Amino acid sequence: MAEENQETEQKTAQSTDSKPNTNRNNNNNRRPNNNNNNRKPNPNQNRNANKDGKPTGNKPNNNKNKNRNRHRRQPTPVDENLKSFVVKNQEAHKQRLNPHYKLDLNSTAKIRVTPLGGLGEIGGNIMVFETEKEAILVDVGMSFPDETMHGVDILVPDFSYLREIKDKIVGIVITHAHEDHIGAMPYLYKEMQFPIYGTPLPLAMIGNKFDEHHIKEHRKYFNPIVKREIYKIGNDFEVEWMHMTHSILDSSSVAITTEAGTVIHTGDFKIDYTPVDGYTADLHRLAYYGEKGVLALLSDSTNSHNPIATGSELSVGPALDRIFAKAEGRVLLSTFSSNIHRVQQAIQYGVKYGRKVCVIGRSMERNIEIAMQYDYVRFAKNIFIDADEISRYSDKEVLIVTTGSQGEPNSALFRMSIGEHRHVKIKPNDLIVLSSRAIPGNEGSISGMLNHLQRAGASVAMSKEIHVSGHASIEEQKLMLRLVNPKFFLPIHGEYNHVMKHRETGMMCGVPERNILLMTDGEQIEIAPKYMRKVKTVKTGKTYIDNQNNHQIEDDIVLDRQKLASDGVVMMVVQVDGNNSKMTAKPKVTTFGIVPDKQDKAFAKEMEDVIEHFLLHLKDGAIENTRALENDLRQIVRKHIYRKMKKYPLIVPHILLVS
Ligand SMILES: [Zn+2]
């Protein structure tokens with residue numbers, strides 16, 4: 001099957017790429033095209049010539065008008081030289097719109113791409129690029145659990161495949177410092193280590209994680225890079241970081257060049273023409289690669305459904321200005337702690353209206369500190385105050401920048417909302433500004449926090465103007481596709497419906513449907529100048545992590561917790577004589593989470609009777625295998641409870657042997 005695909009793709013490739021051809025896409029009408037008869041005199045029109053042999057021109061032939069036709073104007077003579085330039089221009093369009101003829105179609109080199117996270121889900125991004133002998137990873141991120149994963153704080157991708165190809169891995173490439181791109185690094189580095197390549201901010205943030213996990217020594221794997229320079233990683237990879245705009249500073253797209261050609265991985269991006277720091281996306285480098293001929297584009301699909309261009313980070317400023325201008329009391333602003341440009345703008349407008357700034361919340365404090373230490377942002381030191389100094393200032397002189405925009409129960413803002421924060425209690429004239437959006441799944445906790453805040457008398461501002469997304473909408477995705485002009489397109493970062501929609505956009509922008517593949521985690525795709533195909537599936541999944549101790553929680557623990565939460569638990573103690581398998585005391589049953597307390601006794605009694613009946617009929621020797629006896633007990637209780645309650649609780653038999 002795979003071979004068949006290859007065959008088809010090769011044929012395809014020959015027809016589309018051995019020579020430039022604009023017909024490769026579905027937009028023939030939009031492109032210059034030699035077959036387009038409307039633009040030039042149609043030889044068929046001569047068949048409509050009148051009796052005098054004169055052509056009738058462009059008007060439809062109509063017998064009634066025959067006599068009038070002789071008064072029609074003669075067609076303008078064609079300037080053959082001009083016409084030859086039309087052909088030359090059409091040729092130039094073909095060349096620029098389809099640069100893939102520049103790829104070496106005779107090359108047998110190929111690259112394999114395997115997502116180990118980030119597809120079919122939002123977050124947990126990790127992508128493997130492999131040649132015959134070497135591999136690099138792009139990003140090693142984490143994701144968040146759903147509500148069924150009790151006691152689990154974060155999810156880390158399953159590293160099984162990385163263990164398999166460990167000896168091939170020559171480096172890790174980091175695109176940006178968001179948790180879903182670097183959050184799993186310490187967990188990987190406790191097990192295996194490779195050189196890490198990235199710009200300073202992501203490396204500083206990873207360094208912090210290494211410190212927290214007591215693996216400081218792994219900072220020695222850092223290789224800071226300069227954007228626009230090309231780095232050789234291993235023997236097979238050349239990588240260039242290109243500056244990108246996103247909701248965190250110092251983000252990049254990467255161009256990965258191997259013998260098979262160049263693959264562009266956008267990382268997370270939006271196109272912000274007026275970023276706060278003035279560092280626009282490096283569209284020129286993307287265009288440079290696009291001009292050279294790009295083998296494949298892997299592009300961010302998060303906002304695939306959004307038809308409206310994503311707003312500039314700078315557009316949030318005026319809305320914040322209006323809020324500060326009107327605020328009568330303290331302002332408490334909460335946003336994602338990694339969005340330093342948002343925090344920077346909030347501080348800027350707070351200071352403008354004479355406020356001192358108090359930063360509260362561990363991740364917020366740490367991120368602002370790193371951004372200042374590495375000179376990404378500059379603030380005068382004297383604008384900051386500590387939490388215990390707030391009371392020395394009047395309410396109108398205070399801006400509190402804090403975490404908790406998602407209503408996280410451990411966050412500073414949430415603790416303030418329920419009156420449990422050491423330094424800050426919510427007051428009636430406080431204004432809470434939530435400068436963020438609800439991450440899907442967090443709506444409930446945000447709403448809960450809003451109730452607390454408003455009950456305490458505070459007013460809350462959370463309008464659309466005070467937040468912009470960090471991800472490309474359809475229009476920006478189109479710009480990326482047109483700049484890079486890839487031969488093959490792999491939409492990444494997103495659930496299936498997001499990548500599916502991004503495929504549509506890819507097709508609108510000239511990538512043929514057969515050259516687009518929708519990947520899911522674990523699918524390995526092989527890309528060569530002549531073809532792209534799925535070759536195999538590798539093991540993927542999630543490892544559960546308890547954040548309190550940074551340790552893994554085994555899968556069976558989470559399964560047990562799910563069972564306990566949904567169906568309850570039954571515990572039983574039976575006492576049997578080990579010599580003759582006779583019951584020596586009545587069985588005892590206790591249940592939790594199955595029936596209300598007042599029915600507990602009666603329900604336990606029923607089961608005790610069932611067990612007693614079973615034990616009375618125990619055969620001699622049954623007791624020799626207690627494991628089998630436990631299983632039998634489990635089964636009869638399970639049957640009984642299912643019949644009565646339609647539940648499958650956790651059943652814990654305990655056998656006491658007496659002699
Ligand atoms: Zn991101």
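## Report on a predicted model

At 1.5 Å a residue, the 20 residues of helix α17 should span 28 Å, and the end C-alpha atoms of α17 are 29 Å apart, which agrees. The expected span of a helix is 1.5 Å times one less than its number of residues. Helices (H or I, at least four residues) and strands (E, at least two) are DSSP runs, numbered from the N terminus.

This is a predicted model, in which local features need pLDDT of at least 70 and side-chain atom pairs count only at pLDDT 80 or more, while totals for chains, interfaces and linings use all residues. Residues are numbered from 1 along each chain as its sequence is written, and side-chain values use heavy atoms, with hydrogens and water left out.

**Helix α17 and its cover**

Within α17, the residues F603, A604, M607, E608, I611, E612 and L615 are buried. Buried means under 20% relative accessible area, exposed means over 50%, and partly exposed is in between (1.4 Å probe, protein chains only). The cover over the buried residues of α17 includes β23 (569-577), β24 (583-592) and α18 (626-645). Contact here means heavy atoms within 4.5 Å.

**Salt bridges**

Side chains of opposite charge can pair when their charged atoms come close. A salt bridge is a side-chain nitrogen of Lys or Arg within 4 Å of a carboxyl oxygen of Asp or Glu. By this rule the model has 29 salt bridges.

| Salt bridge | N to O distance |
|---|---|
| E526 and R112 | 2.8 Å |
| R362 and E212 | 3.9 Å |
| K605 and D609 | 3.1 Å |

E526 pairs with R112 at 2.8 Å. E526 lies in strand β19 (residues 523-528) and R112 in strand β1 (residues 111-117), so this pair ties together parts that are 414 residues apart in sequence. E526 is buried, at 1% relative accessible area, whereas R112 is partly exposed at 28%.

In the salt bridge of R362 with E212, R362 belongs to helix α11 (residues 362-373) and E212 to helix α7 (residues 200-212), so the pair ties together parts that are 150 residues apart in sequence. R362 is exposed, with 63% relative accessibility, and E212 is partly exposed, with 33%.

The salt bridge between K605 and D609 lies within α17 (residues 597-616), where the two residues are four apart and separated by about one helical turn. K605 is partly exposed at 45% relative accessible area, and D609 is partly exposed at 37%. Elsewhere, salt bridges that share partners join R112, E526 and R533 into one network.

**The zinc site**

Which protein atoms are the donors of the zinc ion? They are H176 (NE2), H178 (ND1), H246 (NE2) and D268 (OD), lying 2.1 to 2.3 Å from the ion. Donors are N, O and S atoms within 2.8 Å of the metal (3.2 Å for Na, K and Ca); water is not among the atoms, so sites may look incomplete. Along the chain, the zinc donors follow the spacing H-x1-H-x67-H-x21-D. H176 lies in the loop between β5 (169-173) and α5 (179-182), and D268 in the loop between β11 (261-265) and α8 (283-292), so the pair ties together parts that are 92 residues apart in sequence. H176 and D268 are buried.

The angles among the four donor atoms run from 92 to 161°, and the site is irregular. Four donors count as tetrahedral if all angles lie between 85 and 135 degrees; four count as square planar and six as octahedral if opposite donors are over 155 degrees apart and all others between 65 and 115; anything else is irregular.

**Nonpolar cores**

In soluble globular proteins, nonpolar side chains tend to be buried together. A nonpolar core is a set of buried Ala, Val, Leu, Ile, Met, Phe, Trp, Tyr and Cys residues joined through side-chain atoms within 4.5 Å. The largest core has 67 residues, of which L162 and M185 touch the most other members. Helix α7 gives the largest share of this core, six residues. Leaving out residues up to four places away in sequence, M185 touches V140, I172, I174, I196, I206 and F210. Another core, of 55 residues, lies apart from it and has W241, V263, L295 and I492 among its members.

**Residues with positive phi**

D139 is not a glycine, yet it has a positive phi of about 65°. D139 is placed in strand β3 (residues 135-140) and is buried at 1% relative accessibility. N485, also not a glycine, has a positive phi of about 50°. N485 lies in the loop between α14 (474-484) and β18 (486-492) and is buried at 10%.
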